[in-house]
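Here are my notes on this model, written as numbered points so that you can follow along. Please keep the structure open while you read.

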Amino acid sequence: MVVTMWSTVILLSVLLIVPSLLADEHWWQHANFYQIYPRSFKDSDGDGVGDLRGIMEKVPYLRRELGIDAIWLSPIFKSPMADFGYDIADFRDIHSEFGTIADLEALATACNAEGLKLILDFVPNHSSDESEWFLKSVQKDPTYSDYYVWHPGKTLANGTRVPPSNWVSVFRGSAWEWNDVRKEYYLHQFLVKQPDLNYRNPALVQEMKDVMTFWLGKGVHGFRIDAVPYLFESLPVNGVYPDEEKSGETDDPDNPTYLVHQHTQNLDETFDMMYQWRKVVDDFKQQTQSEDIVLMAEAYTPLLNIIRLFGNEVSEGAHIPFNFEVLSNTFKDTTGQQFYDNIKRWLDVVPEKRFSNWVLGNHDNKRVSSRLGVARADLYQIALNVLPGVAVTYNGDELAMEDVFISWKDTIDPAACNSNPKDYLLYSRDPVRTPFQWDDSVSAGFSTNRTTWLPVASNYKTLNYKAQKAAPRSHVKIFKALVRLRKQRTLREGTMEMQMIGDNIIVIKRHLEGASTIITVLNFNKTTETVKLSSVFQGLPSAFEVITSSMQTNYIDGLLHPVKYYKDYLENNIRPDGRELEELRPLAISFDVIKSADGSAIVKVGNTTVVCGIKAELATPNALAPGHGFLVPNVDLSPVSSPSYRPGPPCDEAQVYSQSVADAISNARCIDLQELCISPGKLVWCLYCDLVCLDHDGCVLDAAIIALVAAFHTVNLPTIQYNSDTEETEADPSRRLPLTVDCVPVTTSFVMVAGRLIADPTTEEEKLASTTLTVTVSDGKMSFFNQSGGDPMDSRTLKKCTDSAIKRERSVKKMIQTMQRKASS
């Protein structure tokens, strides 16, 4: 394999898939999270500032197009905006520029409808100095007096009053500010306008827990917790706060790195507070019988402190303490070996049964494309998405958006404004927070206003989502392919091995026995390299499909040399999976796999797995068929089954399958719809038949029809008494009647590849086919057949296909009869 400079290629080899019904209670464990900076995502009202309705407008983009599982919003609460939302004046209200509480609830509803989780930024360390809490604390109101950290300060020998300690703010200068009303200093580890809350006050602790439950009640699925290390400070000793030691890293006493923060960061109480918050969300989950409510923790702190945030032997902590080990140690000139070491440092210490997370961008750091180089943007995006656990993306990184130059005059970030014209770019976060580049229209499609809160990038005419969506290959198309790939069980459940080739090529192998092998090659070299995969890992499959590759490569997605590869096999009358050309794959059936359904079965045809769940509901019959019930099959090609599919409404292929299943059952007269009638013209049964493809490796229609027929054999309908005069119904669940199944229709598919007939084709064989034929057999006779493509098959070939289909039908009937006997014994 040839790998070009700064490139990445992902290869997939599919093997036998073991069926699995995927629960979503722990939805976050392998999810794609997406950070939205609300001011810059989408402006719905033309004021130049992004808002909640703008985000709601883009929910289909996030869920259906990208396939994202969860979004978390930077702060949206009422604020004077001294630090753009991280200075909160009211923790229970929405900032007017972003919308209203009703808008937030509408967004939560829209997200929920799409299966997208909504996470809010929770900023517990401090409030705004314009908060009612702070204003009342200044007045020593009994309720709020100790909501903040106050101290009268120290008095020098000459009578001069000075701050209580030498502590330095993150935004430079003393962390203490004198209040002339209360005649005391208050602590602010960030801006002067961001006074620290006092977590040694039980009333404040409960207040903040109540804030969390308030927003959980509005429909959010968790919180990203800001600035976790700063929650607690050391207690005064004899009434005096202890000074911190000098670090020796700088001579600038206003610089936060001037001190070692042993008294203001990472105190033991901080970790206990995280454990208390976990209990809040877990209790809410228990009360509402909901899915997991997730806590994400932001903590720029040594690695072992991040690990402590997970929890301990007796208490659970954050589900996702951000792994900044990789972000903080990856640079533009990072070698493959260094990146490998960054990954290993995390994996070597993450506790068992905890889930890793991978993040390289956010609103506080330069964009990945600017910090690490556009040429490596895809490489890092691919790496983050094939590693085990959670992947986190900052809005715009899917497009490889770049930082925007903001002059000193136009700079508004307080971190930069507190510095100077010479050094401000070292501190400014404005360049990474500029508006999202949607298209080439006014203000990049972010706003109808030509003046936006921060300027739009000058290159938005060419670097935007619309252009990348239309391009044959693009950064966003690579990202979409990655997100779809992450729905595969191998990346969710499989093992991982990493190998180095020299100092600059990392090869990652993800493998799930009985499922698939995924290989990722990360080339950090500036030159093209050749990699022989069989010398890196032993026992690899003989063929791979290219799922995606970076913009730096020339690979085309799909099987490597597919036609030549198959022809070499077919000439020897054998297939790559070892079968003869007309040999069918093994078939397995299981009954009653969904306990909440009225009937269910799961079928595995080789590598393809389809589960069927039937729900029986009472309905009014069609006026044209008053004595007939309904049978409604619906095929779902889920993203779990193949990276080719994405979340959202049923694709055209799924709709075709649904109609084909309905036709096959109807043509065979498998179910007498009159048996589903309770009272002609008044009441009938409607059987909703959901057929979900869990693993797709060809012949989905065959597996779906067998799964549906098998599920029919498990349906038992309660006896219904219907009073036509009162139109009242009475069900007797204790008296159930089995659904009568009059026959067992079975479909078998065939294709022509390179002039040869192939039975029961795999996905790759279907792609290479010039002709496709499906034969449905019932009671030993063909009830339906359909051919697409190619010349009509001759009678000899048709007979061969029919004979093969009859053999499968007999086999399926025998398996179902055996299952029934076991169920009744």
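1. Tryptophan 453 lies in the loop between α14 and α15; helices here are DSSP runs of H or I with at least four residues, strands are runs of E with at least two, and both are numbered from the N terminus. With a relative accessibility of 15%, tryptophan 453 counts as buried, where buried means under 20% relative accessible area, exposed over 50%, and partly exposed in between, for a 1.4 Å probe and protein chains only. Leaving aside residues up to four places away in sequence, tryptophan 453 touches Tyr37, Arg39, Ser40, Gly48, Val49, Phe84, Ile412 and Arg433, contact being heavy atoms within 4.5 Å. The C-alpha atom of tryptophan 453 is separated by 43 Å from that of isoleucine 519, 66 residues apart along the chain.

2. A word on the ground rules: this is a predicted model, in which local features need pLDDT of at least 70 and side-chain atom pairs count only at pLDDT 80 or more, while totals for chains, interfaces and linings use all residues. Residues are numbered from 1 along each chain as its sequence is written, and side-chain values use heavy atoms, with hydrogens and water left out.

3. Serine 458 also deserves a look. Its place is the loop between α14 (424-427) and α15 (465-470). Is serine 458 buried or exposed? At 74% relative accessibility, serine 458 counts as exposed. From serine 458 to serine 534 there are 76 residues in sequence, and their C-alpha atoms are 46 Å apart in space.

4. Next, the annotation. UniProt, in an unreviewed entry, lists residues 35-433 as "domain: Glycosyl hydrolase family 13 catalytic"; UniProt positions are given in the numbering used here, feature names are shortened, and annotations may be inferred rather than shown by experiment. In the model, residues 35-433 are 31% helix and 13% strand, and the end C-alpha atoms of the span lie 12 Å apart.

5. Histidine 95 sits in the loop between β6 (90-94) and α4 (101-114). Its relative accessibility is 9%, so histidine 95 counts as buried. Which residues does histidine 95 touch, not counting residues up to four places away in sequence? They are Ile76, Phe77, Lys78, Ser79 and Met81.

6. Helix α4 brings us to a helix pair. Helix α3 (residues 59-66) and α4 pack with their axes 10 Å apart, at an angle of about 15°; axes are lines fitted to C-alpha atoms, for helices over the stretch in contact, and angles run from 0 to 180 degrees between N-to-C directions. α3 and α4 are therefore roughly parallel to each other, as angles under 35 degrees count as roughly parallel, over 145 as roughly antiparallel, 65 to 115 as roughly perpendicular and the rest as oblique. In this contact, Val59, Arg63 and Arg64 in α3 meet Leu107, Ala110, Cys111 and Glu114 in α4. The residues of the contact of α3 with α4 divide into four nonpolar, no polar and three charged, with Ala, Val, Leu, Ile, Met, Phe, Trp, Tyr, Cys and Pro counted as nonpolar, Asp, Glu, Lys and Arg as charged, and the others, Gly among them, as polar.

7. For α19 (residues 652-668) and α20 (residues 700-712), the axes come within 10 Å and cross at roughly 50°. The two helices α19 and α20 are therefore oblique to each other. Tyr657, Ser660, Val661, Ala664 and Ile665 in α19 meet Val700, Leu701, Ala704, Ile705, Leu708, Val709 and Phe712 in α20. By class, the contact of α19 with α20 has 11 nonpolar, one polar and no charged residues.

8. Finally, two backbone points to check. Most residues other than glycine have a negative phi. Lysine 183, however, has a positive phi, near 65°; it is in the loop between β11 (176-179) and β12 (184-187) and is partly exposed, with a relative accessible area of 44%. Alanine 227 has a positive phi too, near 50°. This alanine 227 is found in the loop between β13 (222-225) and α7, and at 3% relative accessibility alanine 227 counts as buried.
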